[in-house]
Each structure stands twice: as C-alpha cells, then as structure tokens.
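Q: I am new to this structure. Can we go through how to read its packing and pairing?

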Amino acid sequence: MSIQIPRGTQDILPGQSELWQFIESQARDLCRRYQYKEIRTPIFEHTEVFLRGVGDTTDIVQKEMYSFQDRGGRDITLRPEGTAPVVRSFIENKMFGWATQPVKLFYFGPMFRYERPQAGRFRQFVQFGVEAIGSADPAIDAEVLALAMGMYKGMGLKSLKLVINSLGDKESRTMHREALINHFKPRIGEFCSDCQSRLEKNPLRILDCKKDRDHELMASAPSILEYLNEDSKAYFTKVQEYLKALEIEFEVDPTLVRGLDYYNHTAFEIMSTSEGFGAITTLCGGGRYNGLMEELGGPVTPGIGFAMSIERLIAALDAEQVRPVWDDSIDCYVVSLGESAKDYSVKLVYELRRRGFSAEKDYNDRKAKAQFKAADRLNARYVAVLGDDELAKEVINVKNMETGEQIEVGLDQFIEKFMELQR
Ligand code: ATP
Ligand code: MG
C-alpha cells in the first residue's frame, strides 16, 4: 500500500501555493499598515499553556488537542490556537515593560486540532491572528475589528457579516451567570451531559451548545445585554460608535458568547453570507480577554485579538467566485536552438538571475515551438532567442511579449540592455 497523507491535512501544491503566498503577503501588508508586528512562537508548548489559557471546559482542551509526552516525560501539545502561546510569551519576555504600549502582535502559521474533518475543518490548518495587549481603550477593539474586516474586504469578499456582542465586565458576568443558572437549573435534566456539567462550571457555554440549540429554554435564556452594568454598557456603546464612524457594518447578537471566565466586553465573529458556502460559515472569531494574563501567571493586562483560518478564507473566495490577481509573470525566458546555443543559455539565465531577474530556460531539448509555449505558460515578459546563427554573429534577439517589439543586441551587452529595457 502506498503511503497517504494523514486525515484532515492537505498538500498545498504549486498552482495553489501562490494563492497562499498572496494571502500571507496581504496579511503582512495589512499588519504593516496597522502596525502589528510579527511574533513567532513554537509549534508546540507545554500542555499547561492550553489547559490554563484555553480552559479545560472547552472543546479544544477536552477533545481536540494533539498531546503527547516527549522522551523527557514532559507533557507537550501541538498548538491548537495562537492566543495562549502569545500571552505566555508576552509574560515570559516581560513585554508589559516595553516602551511601546499596547504591544500589537500578529502571527501566521499552522494550528493542530483533532477534529472530524469536513469542508472548512482540518486537523492541520493555518491561522492568521492578531493580539493587541496593554490597552483597554474601546478604540483598540474597533481597530482589531477593522483589521479583521479589512483582510476579507481587501481580498475582494463582499458577502460578509460582522456580529458583535458584549460579555461585560466581571461584575456584569457574575450577575448574568446567576441568572443563567436559575434559568436552566430546574430543567437541566433535559439537556445533554456536557451542558449538565457546564451548569455550575460555566453556564455561559450552554448557550453555545450545538446539541441543545433548539431547546425552548435557549431562546428564553437571560440575555447578557440586560445584565451589563453602566461601565460595560458605556464600553460597548463606545465600540459601536467607533465602528459606525469607520462605516463598518455590524449586527449585535446577544447569544454570541465566548465561554471562558477571562473573556469580557467585546466578542465578535465574522461570517460568510455567500450562498455557495457550506454549513460552516464562521470565518473569524475574536474578543477581549482582560483576565487571561493573570490566568497564565502574568500581571493584570487587558488584551484583545482574533484568529481566522486561511482555509476558510479560501473557501469564502471560492464561494463568491473571487479570483484574486497578482503578477505571476517572469522577466525573461531564454529560448535556445542548437547545441552551442543551449550551452550558452545556461550562462545567460544564470546572469539574469544573479542580477535579480526571474529567468527560465528549457531543460528537455524541446523544439523551438515548445519552448515558446513554455515561455507563454510562464507568462514571460521578454523572450530572448538564441540560435546557432545568432551565436555565430554574437547577437541575441530580445522580444517584448507585451508590445511585440523586437531588438537584436550584442551578446556581450545582453544583460546591460536587458536592465535598460526595465526602465
Ligand atoms: P468552530 O466553531 O468552527 O469549531 P472555533 O470556535 O473552534 O470554530 P476558533 O477557535 O475561534 O474557532 O478559531 C478561529 C478561527 O479558526 C475560526 O473562526 C475558523 O476560521 C478557524 N478554524 C477553527 N478550527 C478550524 C479547523 N479545524 N479547520 C480550519 N479552520 C478552523
Ligand atoms: Mg472548533
């Protein structure tokens, strides 16, 4: 039996990898404009980082982690998400002492979750995410939301829905929590076993249950928005005002929750509303986590961030039939005809490449016609033709493929002339 790729993973081949590179370059450019700097954390961490940083009542920790003991007996986990490692690094590297605050970071890399693979759900997937740590200004919430939306809009997507909610501060959440327990407790027996154990540990997560979502008590559950105290209300109002000022459309959905205690204030998701999209429509999720730093042993520091996967971004592009375009041309294809010309072409492409141009030649002794075809396929801006005749005259023929213009230049001046042509 031949060896196959593991379930839930994919090879990204030439033809596709260009799109991935383009998306990554868009993300990097967006972060440059918004002034988020890249952080690269390890692919694996001590399992503890996720137990505490993601929370042991979440699906990620309960069912999805790739965990193992290394040869030294340490508990290690392949990172399932990026926020906890970033916060771990923030504390470890004492970024709270950096002169520039808030510390604005982004990451771009693979995450691992043991999930049931399906459209838009992989076991290895790539996330682009940002974290702004060290400011509790609602303007930074609006900025993070604008950045996330900017990524999708910048790619040309139109069918997008931004949904926001507020989880309030600690006081508001405590009140809401009690109201939830009182609401569900009398009939908790009608809910799934997960929800039963959530009731005391984390009743907010009941609202997020996929099995019991149609239970009548769900729709009538007390809304967090009714439990926001004055401060939390003011914060949420300010975030919305900023979004309106930026002309970013949004909906408020009081059932949107992030289940963990250290999440507070702003929570949000971006969905694709495109018809062609499958069952999973969430493209991006994020929110504020003012309590996470303490949970991981750091000083009290507010933070907010989001994560989006590139797989779902590409699914959204496909659904909307958006084909991003980028320049995939090469500078020069050297066509050579005859034995001596072929040998000489080795040197020519080398010289072009050495000077920073992208250049290609034939390596399969193809006929002239096939070489021109190859040049076409590679989208060559120039084709330089060297036959044994030209070689004898020590000249080479350079054709601008866009204008059809053709010039003959001395072989020893080829590189100089080629550089001139670029100006
Ligand atoms: P879902 O409800 O779809 O499982 P999630 O709540 O687990 O999502 P987050 O942990 O918030 O997702 O991750 C942020 C984003 O990462 C998601 O909005 C989605 O775009 C993407 N994502 C999450 N899990 C996967 C996966 N297994 N494969 C591809 N993308 C994923
Ligand atoms: Mg999930």
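Q: How do helix 12 and helix 15 pack, and at what angle?

A: Start with the general idea. Two packed helices are described by the angle between their axes and the distance between the axes. Now the case here, in a predicted model. Helix 12 covers residues 339–354, and helix 15 covers residues 414–421. They pack at an angle of about 45°, with their axes 10 Å apart. Angles under 35 degrees count as roughly parallel and 65 to 115 as roughly perpendicular, so helix 12 is oblique to helix 15.

Q: In which hand does helix 12 cross helix 15, left or right?

A: The crossing is right-handed.

Q: Which residues of helix 12 and helix 15 meet?

A: Helix 12 brings L348, E351 and L352. Helix 15 brings F414, I415 and F418. Sorted by kind, the residues of this contact are 5 nonpolar, no polar and 1 charged.

Q: What should I expect of side chains along a strand?

A: In a regular strand the side chains alternate between the two faces of the sheet.

Q: In which sense does strand 14 pair with strand 12, and with strand 15?

A: With strand 12 (residues 330–337), the sense is parallel, over 7 bridges. There, V334 stands opposite A384 of strand 14. With strand 15 (residues 395–400), strand 14 runs antiparallel, joined by 4 bridges. V383 faces K399 of strand 15 as its opposite residue.

Key: Residues numbered from 1 in each chain as written. Chains lettered and ligands numbered in written order. Predicted model: local features only at pLDDT ≥ 70, side-chain atom pairs only at ≥ 80, totals over all residues. Heavy atoms only, no water. Axes fitted to C-alpha atoms, helices over the stretch in contact; angles between N-to-C directions. Helix = DSSP H or I, 4+ residues; strand = E, 2+ residues; numbered from the N terminus. Parallel < 35°, antiparallel > 145°, perpendicular 65-115°, else oblique. Left-handed = near helix turned anticlockwise from the far one by under 90°. Contact = heavy atoms within 4.5 Å. Nonpolar A, V, L, I, M, F, W, Y, C, P; charged D, E, K, R; others polar. Pairing = 2+ DSSP bridges.
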